[in-house]
Amino acid sequence: MRTTVPPVACIGEPRLTAGFAEFGRLDLRAHEMVHGPISPMEPSALLGLAEGIQLKGKGGAGFPFARKLRAVLESCERQDLPPVVVVNATEGEPASWKDKVILTRAPHLILDGAALAAFALDAEEIVLCVADDLIGRDSLMEALEERRMPVPTSVVTVPHRFISGEGGALVNGINGLPHIPPGTKKRSSDSGVNNLPTLLSNAETYSQMAIAARLGPYEYAALGTDDEPGTVLLSVTGAAKRHAVVECAAGTPLQEILELCEVPEGPGILMGGYHGKWITWEAANKAEVSRKGLAAVGGTLGAGIIVPLANDTCPLGEAAQVVRYLAGESAGQCGPCKRGLPDLARAVDLAVSGSAPVEVVRAAAGDVKGRGACSHPDGTSRFALSAMEVFADDLKKHTTGEGCGRRVKGVMGLPGAPDPDPQKLVLDWSRCDGHGLCAHVVPDFIRLDHNGYPAFPSTPVPTWLREGATKAVKVCPELALRLTKA
């Protein structure tokens with residue numbers, strides 16, 4: 001996994017990335033030279049601005065920022081309580097780097113946006129959340145030392161996990177609880193940090209508000225589309241020869257981004273990140289960078305993540321690795337996550353290995369869709385189903401046992417090094433009597449077939465199930481199971 005922030009590029013007029021070429025990192029003096037002054041705004045003015053520019057959250061869900069503002073204002077009035085403003089700069093998505101770029105190079109934009117919200121809401125405090133990889137934390141702390149914020153402001157570090165940036169998990173962490181979703185869906189606008197109404201959005205969203213507050217809605221809308229004014233930050237990694245964070249106007253042809261980053265033609269491109277969707281190269285030739293434009297070709301903008309694949313890697317194998325990772329990143333506190341996602345990962349492994357039809361994946365995805373306490377099961381099932389659809393031709397080759405002839409290179413940006421000692425389960429059919437004990441020990445990997453004998457994928461045992469697989473080997477009364485090097 002990359003540990004340094006990638007280069008920044010821009011197509012057209014820079015806004016969030018303005019001044020980067022001249023100053024590198026913008027301290028307060030450079031920030032004011034590039035962006036100019038900013039004035040506090042009353043609640044109605046800030047709400048009107050957010051509505052006027054149709055600002056949607058840039059963290060992935062795309063929830064309208066004005067609706068969040070209004071919900072917090074109404075909750076404060078109803079409960080007669082002051083709110084808390086929370087900035088989510090954790091960026092737990094491994095393939096995403098756009099918020100870290102703002103943290104490290106334009107931290108005052110984030111602080112401007114948070115200050116605007118805090119003043120308008122008459123907030124009690126501002127909480128800035130960064131990942132414990134500490135990328136951008138020093139830059140943010142330095143920016144705080146250079147200026148005065150309208151209310152007390154603190155920086156909280158959050159475990160660098162996929163689900164740590166989920167809204168409920170973030171609030172839990174700030175409140176001193178485990179950094180996982182609360183298990184039941186609740187609105188932070190009603191009760192969040194310290195049980196106070198909480199405005200929570202990601203770093204780019206606050207930065208976009210800071211830009212819009214200076215430009216006004218009409219000038220802000222000079223770039224972008226009628227439905228999605230302004231610019232977009234994109235993290236481009238994967239098979240791109242030039243990994244970069246790119247700023248462009250909404251509506252820019254996706255091919256311009258791919259050409260800028262020297263992306264070779266390949267079997268598919270992941271749009272929106274690990275909770276996103278795959279599109280074909282042909283679809284990418286027709287797509288525009290916007291929520292509406294990408295939806296038209298079966299993709300999604302999500303958190304602004306683009307991960308293309310080249311023709312030298314197995315796309316299904318790459319997708320299977322991500323599903324396994326997402327299953328391991330669950331909070332493990334509700335059924336769809338605790339049992340459903342490992343089952344989905346197993347189903348994908350079975351389909352990729354040619355041991356089961358794609359209907360097994362569809363069934364496993366259907367079992368978790370819409371049933372989780374947070375969006376993690378939905379996003380994971382969406383990713384898996386999209387891979388099965390876009391890479392259908394490859395799947396046919398895997399099903400016939402021929403395979404696609406390509407090894408898995410691991411280009412999806414998964415955190416950590418590959419498993420240094422991949423192992424798989426092997427069954428000695430001459431010994432197995434079908435006791436079924438192994439399936440009871442590790443049901444997330446071993447199932448019993450219609451004859452009562454163990455069935456499992458021929459792919460390596462996921463690292464998070466290795467302990468269970470080892471135990472299954474030990475409890476087998478006939479010594480029919482063993483772990484061997486994959």
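Student: Which residue in β7 is the bridge partner of Ile11?
Tutor: Cys248 is the partner of Ile11. Keep in mind that this is a predicted model.

Student: How do you know that β1 and β7 count as paired strands?
Tutor: Pairing needs at least two bridges between the strands. β1 and β7 (residues 244-249) have four bridges, in the parallel sense, so they pass that cut-off.

Student: What makes β1 and β9 edge strands?
Tutor: Start with the order of this open sheet of six strands: β1-β7-β6-β10-β8-β9, with mixed pairing. β1 (8-11) and β9 (277-279) each have a single partner strand, so one side of each is left without a neighbour in the sheet. The twist in this sheet averages 25° from one strand to the next.

Student: What makes β2 and β3 a pair?
Tutor: Six bridges join β2 (residues 84-89) to β3 (residues 125-131). The cut-off is at least two, so they qualify as a pair. One example of bridge partners is Val86 with Val127 in β3.

Student: Where do β2 and β3 sit in their sheet?
Tutor: They belong to an open sheet of four strands with parallel pairing, in the order β4-β3-β2-β5. Its edge strands are β4 (153-158) and β5 (198-202), each pairing on one side only. Here the twist averages 20° from one strand to the next.

Student: Which strands does helix α9 lie across?
Tutor: Helix α9 (residues 203-220) lies across β2 and β5, and runs at about 95° to β5.

Note on methods. Residues numbered from 1 in each chain as written. Predicted model: local features only at pLDDT ≥ 70, side-chain atom pairs only at ≥ 80, totals over all residues. Heavy atoms only, no water. Axes fitted to C-alpha atoms, helices over the stretch in contact; angles between N-to-C directions. Contact = heavy atoms within 4.5 Å.
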